Amino acid sequence: MKTISTLKTSFAMLIALSTIVGCSETSRIEATGKGTIRGINSIVTAPQLTFKIEEVPVGNAGYKQAAGFAPYDDLSYNFNFDLLLPGAADATRVASQFVEVIADTEYTIVLGGTIAAPTITMWEEAEREWADGATAYEADFVHLSPALGEVDVYFVPFGSVPVQGEAIGTFNYGDRVPYQEFPEGSRELFITLKDDPGNFLYRSPTISSTPATRVTYAIFDPDPTITASIAVNLIGASGESNNIPDSR
């Protein structure tokens with residue numbers, strides 16, 4: 001980790017920064033479109049961090065929280081997670097990720113590990129354009145719980161139960177099941193032991209999603225605010241992240 005100077009918000013410096021960001025680190029001289037970026041904080045012991053594009057804040061993210069999606073020109077940037085300790089004049093840089101943004105692409109940067117030994121996981125997806133009147137939605141599923149181990153995930157219509165062979169995916173820490181399309185209607189999310197659909201580790205209440213949207217179901221380690229052994233958050237496209245309690 002290294003210490004950085006606190007951002008000076010003068011107009012002149014913002015102009016200088018935009019020039020540096022736009023030109024110095026990219027093979028593309030001019031932007032041709034925009035991509036979108038978000039950062040997720042998955043360090044269970046982490047305080048609130050600031051997610052930045054270069055030195056400009058995108059937003060703050062406590063544990064299990066997200067900052068973004070935010071649109072940026074299809075140029076190259078360093079995206080940073082910074083920590084400002086109480087009483088400190090300067091922020092501490094926890095981790096950075098270089099991204100050469102491609103137009104019409106979504107990027108997710110996840111901070112994991114520990115503050116002392118951080119890790120970065122990143123994935124990207126083409127943006128989705130929805131037809132007028134669309135009633136379906138898309139969801140992806142990501143495993144960000146180091147303590148949990150390998151599990152099966154089921155996302156079934158309300159009133160159904162997990163059936164062997166019908167899991168959304170089997171995944172371990174750091175794995176992700178990419179976006180899948182689901183029809184409008186109520187569903188339930190189950191997390192079970194691998195190849196054991198009757199052994200529920202987690203069962204959500206009834207979930208209904210807004211048509212023509214994308215959402216992320218993220219599995220985290222529980223923190224003191226969670227009484228269950230697994231924490232699951234629903235993360236929306238605008239950065240909102242809400243816990244989905246175990247219905248049991």
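Among contacts between residues at least 6 apart in sequence, what percentage join residues at least 24 apart? Please then describe the largest nonpolar core in detail.

Modeller: Of those contacts (heavy atoms within 4.5 Å), 64% join residues at least 24 apart in sequence. This is a predicted model, in which local features need pLDDT of at least 70 and side-chain atom pairs count only at pLDDT 80 or more, whereas totals for chains, interfaces and linings use all residues. Residues are numbered from 1 along each chain as its sequence is written, and side-chain values use heavy atoms, leaving out hydrogens and water.

The protein has 248 residues, of which 46% are buried, meaning under 20% relative accessible area with a 1.4 Å probe, protein chains only. Its secondary structure comprises one helix and 18 strands; these are DSSP runs numbered from the N terminus, helices (H or I) of at least four residues and strands (E) of at least two.

A nonpolar core is a set of buried Ala, Val, Leu, Ile, Met, Phe, Trp, Tyr and Cys residues joined through side-chain atoms within 4.5 Å. The largest one holds 22 residues, and Ile37, Phe79 and Val94 have the most contacts inside it. At least two of its residues come from each of strands S3 (49-53), S5 (66-73), S6 (76-83), S7 (92-100) and S8 (105-113). The greatest contribution, four residues, is made by S6. Leaving out residues up to four places away in sequence, Phe79 touches Ile37, Phe51, Lys52, Ile53, Tyr72, Ala95, Ser96, Gln97, Val99 and Ile109. Apart from this core lies another, of 20 residues, including Val153, Phe155, Ile168 and Phe171.

Technical notes
Buried means under 20% relative accessible area, exposed over 50%, partly exposed in between (1.4 Å probe, protein chains only).
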